[in-house]
Every structure is written in structure tokens, then in C-alpha cells.
Amino acid sequence: MTTNFQSIPLIDISSLVAKCDDPNAMKDKDVAEVVRLLDRACRDAGFFYVKGHGIPDSLIKEVRDITHEFFALPYEEKLKIKLSADTGYRGYQRVGENITKGIPDKHEAIDCYTELTKGMYGGLGDPLVGANKWPTVPPNFKKLMEEYLVLCTELSRKIMRGIALALGGSVDEFEGKIAGDPFWVLRIIGYPGATSISDEGLPKNDIGCGAHTDYGLLTLVNQDDDKTALQVRNLSGEWISAVPIPGTFVCNIGDMLKILTNGVYESTLHRVINNSPKFRVCVAYFYETNFDAVISPLDMCLKKTGGNKKLETAVYGEHLVSKVLTNFTY
Ligand SMILES: N=C(N)NCCCC[C@H](N)C(=O)O
Ligand SMILES: O=C(O)CCC(=O)C(=O)O
Ligand SMILES: [Fe+2]
């Protein structure tokens, strides 16, 4: 639904993280307050920062540092894990290879997904079949990212528990058939620094990632804390910067959660412009539904919106595959 928000709310989720698996969680006044703040943030902006998430700052920082190290390698080294249709769209893409609304983005990235095998889900996932392409330099890259993925999955499950309560549902509303077996996407992204100068004499850059929405339930953004580049669009079309706040993740809602809530929560448009002269990295973890989940508005959300189904039913895996196939020219 989104509003003319001018800033992105920051929520301390420590009580939710500690207690969301306790059957009496909602009776706890600190949890109830987090739930209320989540509801406000998801309605107003579809974007929020979280602190008190329990993932060690040292690990979050190591993930960004190793990402800087990888992108600083010679191009030939990075090409050893090149992404193509043959790799199931997994691996490294150079600057300009990913396309958003027809325009090449000024970013390079490694894309990883839950591994799929041929014929799984009746062939729905076949374009994405393959093993992830992890770099062998820096040597501990795969191990670190896999450790990080486990923690992001667990944290996302907990935030989704809070969101389920925020909608007035049961705590496990998004488990079972919706996301009892959540698919994940990891995008390890590098944005080259600005090399030109604006009329005002400031560094300026091309668009690092064009305006888009995310595809699934919830995104956790781990961004460099010394460059402001991520921008979120409010109702009047103003771009509000998600200024880095050390120790936090930027969280945002994806298309599947928008459908589930019948638009009560928005998958807000956002884009990236790195106007800093320095190279910026972001590691974005996407917590998605089950790959084959059939997603339509929940009854409790239909009730909140006058009973009319505003959004079409979607199959998550189809949505993802159609996006991935248009993000590349092959
Ligand atoms: N898995 C997710 N959400 N990836 C977001 C990528 C957004 C850019 C992409 N070219 C696009 O147009 O969607
Ligand atoms: O670089 C960022 O801060 C966000 C990237 C993003 O929006 C995405 O990969 O979907
Ligand atoms: Fe995004």
C-alpha cells in the first residue's frame, strides 16, 4: 500500500528473535511491541532496518570483506565461475550483464540458489538446475557464505513469524505449504565506484541496479556501511535513501508477500546508484516461499481489504524463472 514515508524505520527485534518459538510469544509485551512496529513498517514502507537480530557483526563484516576481495580479482579469475544458461544461471556475471527493465545494470555479481535437480517440481525449476558456482579464491569463500546462509534462513523464518503475528495470523502462518521448505537466493553484488563528475562537481554514476521489486517473501540486505546507494520509492515517487546503519540489515518485502497480504504489505520499488568513488558491495539474501508454492491472498488479509482479491494467484517458481530468464539475454 505504501505511503509518503520520508525515512525507513529501525526495529530492535531482539525479543522476537529470543521468543518467537515460544507458544506464548504474543503474550510477551516486548514481542507484541515488535509485532506492532513490524506491521507499521510493512504497511507504510515495505522496508525496515533490523537490529538485535543475533547474527554476529563480525560475520556480517567478513561476508562483505571477502566479497570485496573476490571482486578485486582479475577478470579471468572471476570468469572461472561464469554464469550461463548451462550453469542454471548460477555463478559470476560481469558488469552490464544483468538487465532491469531493458537497461543493463552497472553491477557485477555471483548468483546462487537452492540447488535443484532435473525434473524436480515437474520440471518447473529446470532452467535453474545446477550446482552453485563458488569461487575457490579467496579459499574460504564457500564455507563462509554457507555459514552465513544458514543464519540468514533462520533469522528470516523468525522475522516471518513476527510478520505472521503482525497480520493477526497464527505464528506459523508462513510455514507448511507456504514456506515450510523455503527456497533461497543469494546475490553477492559489486557496484563500481563513480568515475564522472556532476554539474555540481560531485561524483556521479550510472544506475547500479534499476528500479525493481524483489520476488519472494523477505530480503535481508547486508551493505557496506560507508556508502549510501540503495534508494526506496515512496508513494509520491520520491527516492528515499536507505542510509547504512552499522550492525543492521535492511529488510524488504517481496512480491509473494504482497500477494499473500492482498496488497496490505507492499513489495516496494527500489534501485541502487553508487555515487561514491569507491567500489560498493552488497550481499542480498532472499527468503522465498516453497519453490512450488501456489500463492494467493490469505483469507485473513482478504477480510482486511473488503473481500476482493486484488492480486492474481502466482506460482513462486514460475515467477522466479520468468524473472531470471528476462534478466539475461541468453
Ligand atoms: N532475486 C532478486 N530479487 N533479485 C533482484 C534483482 C533485481 C534486478 C533484476 N534485473 C530484475 O529486473 O528483477
Ligand atoms: O545493493 C543493494 O543495496 C540492494 C540490491 C537489490 O535490491 C537486489 O539485489 O535485489
Ligand atoms: Fe532488490
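Me: Buried means under 20% relative accessible area, and exposed means over 50%. By that rule, is Y89 buried or exposed?

Reply: The model is a predicted one, and in it Y89 lies in the loop between α4 (75-78) and β3 (91-93). The relative accessibility of Y89 is 5%. Because the cut-off for this class is under 20%, Y89 counts as buried.

Me: Which side chain makes a polar contact with the side chain of H107?

Reply: H107 sits in the loop between β5 (103-104) and β6 (108-113), and its relative accessible area of 0% makes it buried. Leaving aside neighbours within four places in sequence, the residues in contact with H107 include Q93, N98, Y191 and C209. The list of contacts also includes R187, and the polar contact, at 3.2 Å, joins the side chain of H107 to that of R187.

Me: How many Å separate the C-alpha atoms of Y287 and E154?

Reply: Y287 belongs to strand β16 (residues 280-287), and because its relative accessibility is 3%, it counts as buried. Not counting residues up to four places away in sequence, Y287 touches several residues, among them T153, S156, R157 and M160. Although E154 is 133 residues from Y287 along the chain, their C-alpha atoms are separated by 9.7 Å.

Me: What is the omega of the peptide bond from V137 to P138?

Reply: Most peptide bonds are trans. P138 lies in the loop between β6 and α5 (141-166). The bond that leads from V137 to P138 is cis, with omega near -10°.

Me: What radius of gyration does the protein have?

Reply: The protein has nine helices and 18 strands, and 55% of its 330 residues count as buried. Its C-alpha atoms fill a box of roughly 55 × 50 × 35 Å along the principal axes. For 330 residues, a compact globule would have a radius of gyration near 20 Å, which agrees with the protein's value of 19 Å.

Note on methods
Residues numbered from 1 in each chain as written. Chains lettered and ligands numbered in written order. Predicted model: local features only at pLDDT ≥ 70, side-chain atom pairs only at ≥ 80, totals over all residues. Heavy atoms only, no water. Helix = DSSP H or I, 4+ residues; strand = E, 2+ residues; numbered from the N terminus. Rg over C-alpha atoms; globule rule 2.2 N^0.38 Å. Buried < 20%, exposed > 50% of the residue type's maximum accessible area, 1.4 Å probe, protein only. Polar contact = N/O pair within 3.5 Å; in protein donor to acceptor, adjacent residues only side chain to side chain. Contact = heavy atoms within 4.5 Å.
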